[in-house]
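Open the model in your viewer and keep the selection panel at hand. The stops below go from whole chains down to single residues.

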Amino acid sequence: MMSLVSYLIISLILFIVGLVVMIARKNIIAILLGIELILNAAALNFVAYSRYVTNNLDGHVFSLFIIVIAAAESAIGLAIVIRFFQIKETIHVDEATQLRN
Amino acid sequence: MEYTVGNIAPIFLSPVIAFVINAFFGRKLPRQGDWLATLSIFISFIFSARIFGDFVFGTFATDFFIHKTFTWFDLSHGANIWKVDMGIYIDNMAAIMLLMVSGVAFLIHLFSTWYMDHDEKHGRFFVFLPLFTSAMLGLVLSDNLFSLFIFWEIMGFCSYSLIGIYNKKEAAGDASLKAFMTTRVGDVFLLLGMVAIWMVIGSVAYVDIYAAIAEGKFAGQTVIGISLATFAGLCIFLGGMGKSAQFPLHVWLPDAMMGPTPGSALIHAATMVAAGVYLSLRMYPLMVLGDLTWFIAVIGAITAFGAATIALVQTDIKAVLAFSTISQLGYMMIGVGVGSYNAAFMHLITHAIFKACLFLSAGSVIHSVHEQEMPKLGGLRKYLPYTHFAMMCCTLAIAGIPFFSGFVSKDRILGDALYFGFIAGQNPLLAIVPILGFAGAGLTAFYMFRMMFLTFYGENRMGHHDSHGDEHAHGDHHHGHDIHHEHLDARSNVPLLILSVFTLGVWFAGSLTGQGIVKVFGEKTEWFKILVEAPKVERFVKHPREAFGSTDSRVKAELPKAKYDHQSGYAGPNPDDHKIHSAHVVGAWMSIVIAFLGVFIAFLMYIKKSIKPLASMFPGYTETLKNKYYFDNLYVDVIIKKGLLGLNRFLSWFDMGIFDRFAVDGWAAVNRVLFKASKWFDNVVVDAIGVDGTGVAVNLFNLVLRIVQSGKIQFYFIMLIVVLASYIWTVNI
Amino acid sequence: MNGILNWILWLPIIGMVGIILTPKAKENVIRMMTLVTTSITLILSILLYLKFDTSTADMQFVTKLPWISQFHINYFIGIDGITMLMTFLNALLFFICTLSSWTVTKNIKAYFALLLMLQSTVFGVFFSLDFFLFYVYWEVMLLPMFFLIGIWGGENREYAAIKFFLYTFFGSIFMLVGIIALYYASGKGVDSFNILAHQGGKFTELQVNVFGKSFSFEHLFFWFMFLGFAIKVPVFPFHTWLPHAHVQAPTAVSVILAGVLLKMGTYGFLRIAFPIFPQAAVEYSTIIAVLGLISVIYGAFCAMAQDDVKKLIAYSSVSHMGFVMLGLSAMTTQGMNGAVLQMFNHGTSTAMMFLLIGILYERSHHRWIVKPDGSKGYGGLSTKLPKYTTVFIIGMFASLGLPGLSGFISEALIFLGIYEKFTTITVIAVVGLLIGAAYLLWMFKRMFFGEVNPETEDYEDMNAREVFYMIPLCICVIVFGIFPSPLLNVMKASVGQLVDLLSKY
Amino acid sequence: MIDQLFGFLGYYIPEVICIVLMTTLLVAESSVKDEHAPRTKIHVYTQIVLGIVLISLFQNLGEKPLHIFHNAVTIDPFSTLMKIIMVVGTMGTVFLSHSSKDIYTNLKSEFSIMAVGVLIGGMLLASANNMLTFYLGLETLSILSYVMSSFKRDESTSTEAGMKYVLYGGLSAGVSLFGISHLYGVFGSIQFGEIARQVPGLEGINLAIVLVSSVLFFVGVGYKISVFPFHMWTPDVYQGAPIPVTSFFAIVPKMAGLATLVRVSFVFLSEGSPLTVSWVGLILVIAAMTMTVGNVTAIGQTSVKRMLAFSSIGHVGMMILGIVVMNESGVQAILFYGIVYMFMTLIAFYITSHLSDMYGTDSYDVFRGLVYKHPLMAIIMASVLFSLAGIPPFSGFVAKFNMFAVVIEKKHYGIAIVAAFNSVIALYYYMKLAKTMIFGQADGEEKVLGFTPLNQAVIIALFIPVLFLGVFWDSAMALAGNASLFIK
C-alpha cells in the first residue's frame, strides 16, 4: 500500500539523484538528464499531493505543464549542445571555461 | 594739561604715516623720503618731550599715570559680554621711555640720512626705520599686553626686514630668519602667558593685572601643575628673553649686524632689545608674585658674563658692540631680578643712549674707512676726531667710569646685586649673581677699551691690505679707500656729539658720581630715582577706566609732590636700609676699582704691548669663545637640521608614503588584491595542479579543485546547493 | 530684496549657459562673459553685505518654495552672519580667479563653464537651509571640481581628481544616511528636511539599533556628519587627499579649493553638526580638539619638509584649518568667532599664496624650492621681482599670523577660546605657530634671498592684471588685520546664538 | 463561460498584441528572401506595434485592479507599470539590435521575435497570480533567453554562454519547481491569494516545510534577477551574448523577476506571517552580499560589458532592499529605481555597443578620449555613469536616495551602511570609465560610425528622463506611489 510519504521519498531521491548527476557527470547530455530527473521529481510531487492531500486537479494540470515545458527546454538545450559540439568537438562540460574573470 | 587723542596719537601715528607714504611713493619722493621719515620721528619727539616735561617737571609725583581706553572690537551678544579694549597707559616710566626712544630714534634717522646716502637700499631702509620706531613707541604707549604683543611682533617683522635688507647675501637671509625665529620662540610663550592671564582675570591691561595681584586673584590658580603666576610670569619673561637676547636665546643678536649699522643702532639701543626689559619691568609684580626674580637674576648674570667673555675675542667692531649689548642687557635683567627696579630702568635708558652713540660712531668709522675688522684699523684718532670723542665718552660710560651714566646705573644694579647675593640671606648659590656681575663689569671695561685702542690708537694699519669692500655690512663699493679727514657735519657726527653729551651721569643722578647728594636739579634732585619705582599694586585696585577723549579724572593737584628722602627707591627684598646702603658703597668702590683694572690691562695689552694678547694666553678657550660657546652650531646644526628637519622629513614621508599609500589608497588596493587573488587562484593553482590523474585519491582531489574552479558550470551548481542548504538551515533555526 | 540671494545663486548658471552657447573660437568673449558674471556676483554680494542686518541671528533674504511635496523637500535658501562672510569670500575669490585664469589656453570654453558651475554650487552649499538641497549642492560641487582638476591639472591629475572625488563622496554618503535618519527621527513632518528646524538638540533621547547593538541616535549620527565634514576640512586622519588635489589642481582651482571649499567642512560643523547634535558635540569636543591639534602640528611639520612650494602651502592649510577646528571645539564666544574669522582670513591669505605661486609657476613652469637633483629651484627672486616680493611678504606674514595682518586676530581669539577648555592643548598648539613661521620664512629665504639664480634671470615682474587682482586681497588682509570689526559684527550674532545653544549642554 | 473569458481578454490586450506581433514577425521573417538584407521594415513594424502595446498599457494604468482567467492573472497598476518598463526596455534594445553589428544580419528579426517572446514571458510573470502562471512565465522567459544568449552561433563563447544558461536555468527552475510542489502540498492550492490567506495560520511541520520550500522556490526568481549566490551565470552569459542581448537581459528579465519577487514576498509576508523574520533576514543578507559581490568584482573588469554586468548585479542588490521593508513606499522605491535604472542601462549599453562595433572590442581603451571625438556623447555617458553611481543632480541619486529612505525608515541602519560603502566602491569603477573618456587622450580623431544623428537623437531622448527625474521627481514618485499591488 503506497502512502504519500513513500511518494515524497521517491521524489526526494529522484531530486537528489538529479542533483548528483548534474554535479558529478561531465557529459552535458547527462547533465540535461539530471535536469529532467529534478523536474520529474517535482511533477511526481504534484501528482501525489493532488491525489492524497488537496483532491483538486491543480496538481495534475501542473504536472502536465511541467512535462510539456521540460520537453521544450530540453529541446532548446540539446540544440545549444549540438552547436557547442560542432564548435568544440566535445561535450565535456569542463571544456566550457572560456568565460571567466 | 589734557591728554587727548590729538596730542598722544601723533607720537605713534606720524611715523606710521611716514612708513605708509614711503612704502608706496618712496621712490617718487626726493631722496626717497628719508627726510619725511626723519621729520615724522621729530614730530613724535616733540609730542613725547611735551609729555615728558609734564610728567617730570610739571607733575612731580610718583603715582601719576594716564590710562585711557577704547574698544577695539566687541563680540558681546545678549548677556555674554566679551570685548577687546585697547588704550594708552603713560606713567613716569613710559614718559621717560617715550622721550628716550623718540629722541634716540630721531638722531639715528638723522645719521642714517647721511650714512645710507647712495646706498642701493636707501629707500627700503627708510620704509622700515619709521615703522620700527612707531612700533616701539606704540609698545611703550600701550596699556595692555595684547597691544604690546602686537607692536612687539611688528618690531620683530621690522628687524627681520632690516637685518635682511641686503637680500643678495645668503648670510643676510640666514641672519634675518634666525633673528625672527629666535625671537618668535619667546613670542609664542609671551602669547601663551598673555592668554593665561587674560582667561583668568578677564583682562590683560597692566592696571587690571596689578589690581588682580593686589586682590589675590592669582591665588590657587594653576596651569598644567604650576601656579598661574609662575607659569604666566615665566612665559612672559621668556618672551622678554627672546627680544632682549638673554641666554639661551641670545644667538640672533650678533647676526643682527648684517643690516646697516644705523639699523643695528636702532635695534640694539632704543627699540627692540629694550622692549624685553621694559616688559619685564612692567610685569615686575607678577615676577615677584611668581617667585621668578632669582631666576631672572641668574639668567641675567649668565648673559652678562658670558657675552662679555665672547666680546673679548671679537675682531669685528660691530661684533664687539653686539656682544656688549647682550652683556649690558644681562645687567638690566640682573637689575630686574635683584629688585633694583629703578636702576634697571635707568640702565636701560643710559645704555640706550650710549649704545646708540657707539653704534653710530662705529658706523661713521666704517663709512669713512670701509673697514670694520679692528686688526686692520688703528690710529684713526687724528682722522676722525669727533667720532673719536663721542665714542670715547660712550666707552667710558659703558665701562662704568665715574661721572658717566653707565657708572651710575650699573653701579646701583651691582650694589643691589651685592646685597641680593650676600646679605639678603637667600640661597647662597645666588652669590654667583654679583660675582658674575662684577667680573663682567671688569671684562666690559677691558674689551671696550681694547676696541677703542685697536681702532683709534696705535699706528694706522689701513695701508697694509687691499680693499675688503665686499665684507662691508652695507656693501657700497663706490667710495675710494683714502681716509678723508672728518669735519663737523649736521648729519654725520653732530648726532654722535649730542648723544655723547647725555652719557654724563649727572643727567640721571642727583650727583656727578651717583652717590651722595649734590643738588644739580634743585628740588628735583634724584628725579629719576624718585619718579621711577616698582608699581605698588594696591594702588591700582578699582581705579576708574577712562574712555578716550574724556578729561583726566585724576586731578594732579591732589597728588603729593614726590620728595627725595635718602632711603627711598631701594626696593630690596627687605628694606633693611643700613645694609643696603653699605652694600652700595662697597659695590661702588668695587666697581670703580674693577673698571679701572680692566682699562689698565687693556692699556698694557694694546698700547704698551707689555702683555701678550689674550688669544695667545689660552688658545683653547679662545677657540671656544670665537665660536660663541658653540651655541649656533648646537641650535642650527644639531637641533634644527638634525632633529627638527629629520622629524619633518620622516613625517611627510610617512604621510604620503605610508599613511596615504596604505591606509587610504589601501581600500582600493584591497579590492584589487582580492580580485587578483581569486583570478590567480583560478588560473595558476587550479589549472596547474588540477591536471587529471588516475587513482581515486587523485580523482577526489581533482573533483575538489574542479569544484572550486570558477568558469565551470558545475561549481556554480555546487555553490547554489551549498548556499541553499545554508539558507534552509538558517531559516529553520 | 530676497531676490538678491537667488540672483547670486543662479547668475553663474546663467553665465555658464551663455558660455556653452558661445562658439568655441571666441575665446575672449568667453573670458569677458565669465568676468562680467563673476563681477556682477561680487557687486551683488557687496550689496548683500550692505543690506545685511547685523543685529539679528535669524536667517535673512529667505526664499522658500516647495520642491518635492512627498518628502516635504523645499527650495529653501537664506543666509546668516556666518554665510554672509562666506558668500562675500566666495564671490571675491571667483572674481579674482577669473582674472588669474586669463592665461588658461586649454579648452577655455569648458574651463570657464565649469568654473561658473562650481561657483554656483558653492553658493548653493552655503545658502541651502534645506537638507536635501544642501546635500545635492554638496555633491554636485564635486563634479566640476573633478573635471577641473582632472583636465587642467598637473602631471598626476587623474589620480588626484579621483582621490578627491572618492574621498569626499565617501564622507558625504554617510552624511546622506544621517540626513535621512534625521528625516525620520523628526517624524516626516513638514520641517523634516529643514536644517533650522532640527537645530537645538531635539534628538538627545533617541536610541537606535545598528548590527544588534543599541546606540544613542545623537552620538551615532554626530559621527556620521562628522565624517562628512571632517574629510572636507580636512582634519588629521582624513587630510591626505588635500596635498594631491592642491598640487595637481590648476592655480584658480587650488585657490577655490583652499579658499572656499575647505571652509564648507567647518561651515558644516557650524550649521549642522554642532547645532543639531549639541550634546554629542560638547561631549566629543575633546576629540575634535585633539584632532585639530594634531592637524595643526602634523600639518606644520609636514609642510616644513616639502620641497614643492604648492605642497608646502597645501600642508600649511591643513595646519591652519586645524586652528579652525580648535576654535570650534572651544565652543566659547571668542573661540567660535575666532574660528569663523579664521575661516575668512585663511581664505584670503591662502588664496594669496596660491595665486602668487601660480604667477611664479607661469614664469618658471616648476614649483621646486629645491629641485629633486638638489639644485636651487629659485633664489634671489627679491632682486628680480620687487612687486612680487612685496605682495608675497604680505601674504606670507598674513598667513603666519603677524599682528597687524588678518591671520593674527583670528588665531589669538582661537587661543583665547581654547585656553578656557583645553589648557594643555593650548600649550602644545603654540608650537604650531612657531613651526608655522619657520616653514614659511625658510621657504621665503630659500626662494627670495641670495644671488639671483640664472634660471630666474628672465622672469618679468607681476604685470598690471596680476597686480590688479592681488590688490583686493592685500586690502582684505591688511584692513581686516587692523580693523576686524566689519567682519566680527556681521557674524557675532549668529555665532553667539550657537555658543549660547552649546553652553546649555 | 466563454464570453466571460473573452470579456477578460479585454484587459489582456497588451499581451495579446504581443503574441500577435510575435507570430506575425515569424511570418514576416520567413518571407524575407535575401539573407543579408537589413530588416529595417520588420524593426519599424516591431517598434510601432510595441508602441501600441505601450499605449494600451498606459490605458490600463488607470483601471482598477482585478483578477482574470480564474484568478490566474492579476492586472494591477504595479504589474502594468512593470510591464511598461519592460516594453520600453524591449523597444530600446530592439532599436539597438538594428544598428548593432554584434548580431548577424540574418538574425536581426530573430532578435525581435525572441525579444517579444521574452517580453510576453515577462508580462506573464509580472502579473502572475498563481504558481502555474508564475512557472509558465518563468519558463517562457528562460527558454527564449537561452536562445538569445547563444545568438552568436559561430562563436564558442556565445554558445558556451547559452549552454551554461540552459543548465543553470534548468537546475534552478527544477529546484524552484520542487519547492513549489511542496508549497502546493501544504496549502492545497496554487493561488497566491489562497496561500496569502493561509500563511498567517501556519505552524508545526507545515511551517517547517513552507520555510524550506519557499527558499527553494526563491531560487527560481533569484537566478532570474541574478542575486547572490545565483548570479554566477550572469557575467559569463552577459559576456558571451551579443551586446543588444546583454542590455536586454539587464533590463527585461530582471524587471520581470523583480516584479514577481515583490508579489511573492507580499504573498508570503502578509502581516502576521511567521515567515517574515527569516525571510527579511534572508533578503537583507542576499541584498548585502549581492551588492558587495557585484561591485567588488566589477572593479577588476577590463571589459566594459562585463563591468556593466557586474554593476547591474550591484543595482539589483540595491533594488531588492525595497522588498525588506514590505510596504507601499518600498514598492514605490523599487519602481522608481526600475524606471531610472532602465534608462541609464539603455544609454550605457547603447554607447558601449556603438564603440565596440567601431573597434571590435569593448575594453576601456575604446572609450579613451571620447570627449574629443563626440563631446556630447561623452558627457552623456559620463553623466549616466555618475547617475549610476548615485551622484546628484541625476536621477540615479534620487533612486538611491529613496532606497536609503525606505531602508532607514525601517531602521535597518546596518544595511544602509553597507549600501553606503557599496556606492563608494561603485563610484570608483564608474569614475575609472569616466576618467578614461574625459581625461584620456584619443589615439585617432576618427568619428565613431555608430553615432548617426538618429542614434544620437535617441540617446539624448533617453537621457532627458535621466536628468529630468533627478530634479523634478515628484510626479514620477507619485506615479510609482499609486502603482499598488493587488493580491487577494
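Two residues are in contact if their C-beta atoms, placed from the backbone, lie within 7 Å. By that rule, chain A and chain C share no contact, and their closest C-alpha atoms lie 25 Å apart. Bear in mind throughout that this is a predicted model.

**Stop 1: chains B and C**

Colour by chain. Which chains have the most contacts between them? Of the 5 pairs of chains that touch, it is B and C.

**Stop 2: a sheet in chain B**

Show strands β1, β2 and β5 of chain B. They form an open sheet of 3 strands in the order β2-β1-β5, with mixed pairing. The edge strands are β2 and β5 (546-547) of chain B, each of which pairs on one side only.

Start with β1 (residues 65-74) of chain B and its partner β2(B). They run antiparallel and are joined by 9 bridges. Click F73(B): its bridge partner in β2(B) is V84(B).

Turn to the other pairing. β1(B) and β5(B) run parallel, joined by 2 bridges. Here T69(B) has A547(B) as its bridge partner in β5(B).

**Stop 3: the nonpolar core**

Select A356(B) and I347(D) together. These two have the most contacts inside the largest nonpolar core, which has 686 residues.

Zoom in on A356(B). What is it in contact with, once neighbours within four places in sequence are left aside? The partners are V104(B), I108(B), A265(B), A269(B), A270(B) and L499(B).

**Stop 4: chain D as a whole**

Along its principal axes, the C-alpha trace spans about 70 × 55 × 45 Å. A compact globule of 488 residues would have a radius of gyration near 23 Å, and the 22 Å of chain D agrees with that.

Next, colour chain D by burial. Of its 488 residues, 65% count as buried. Take the contacts in chain D with a separation of 6 or more: residues 24 or more positions apart account for 79% of them.

**Stop 5: helix α17 of chain D**

Select residues 375-389 of chain D, which make up helix α17. This helix has 15 residues and reaches 21 Å from its first C-alpha to its last, close to the 21 Å expected at 1.5 Å a residue.

Why call α17(D) largely enclosed by the rest of the structure? Because 11 of its 15 residues are buried. M377(D) and I380(D) are among them. Continue along the helix to other buried residues, including V384(D), L385(D), F386(D) and L388(D).

G390(D) follows α17(D), and its phi is positive, near 85 degrees.

Key
Residues are numbered from 1 along each chain as its sequence is written. Chains are lettered from A and ligands numbered from 1 in the order in which they are written. This is a predicted model: local features need pLDDT of at least 70, side-chain atom pairs count only at pLDDT 80 or more; totals for chains, interfaces and linings use all residues. The radius of gyration is taken over C-alpha atoms; the globule rule is 2.2 Å times the number of residues to the power 0.38. A residue is buried if 20 or more other C-beta atoms lie within 10 Å of its own, exposed if 12 or fewer, and partly exposed in between; C-beta atoms are placed from the backbone. Helices (H or I, at least four residues) and strands (E, at least two) are DSSP runs, numbered from the N terminus. The expected span of a helix is 1.5 Å times one less than its number of residues. A nonpolar core is a set of buried Ala, Val, Leu, Ile, Met, Phe, Trp, Tyr and Cys residues joined through C-beta atoms within 7 Å. Two strands pair if DSSP finds at least two bridges between them.
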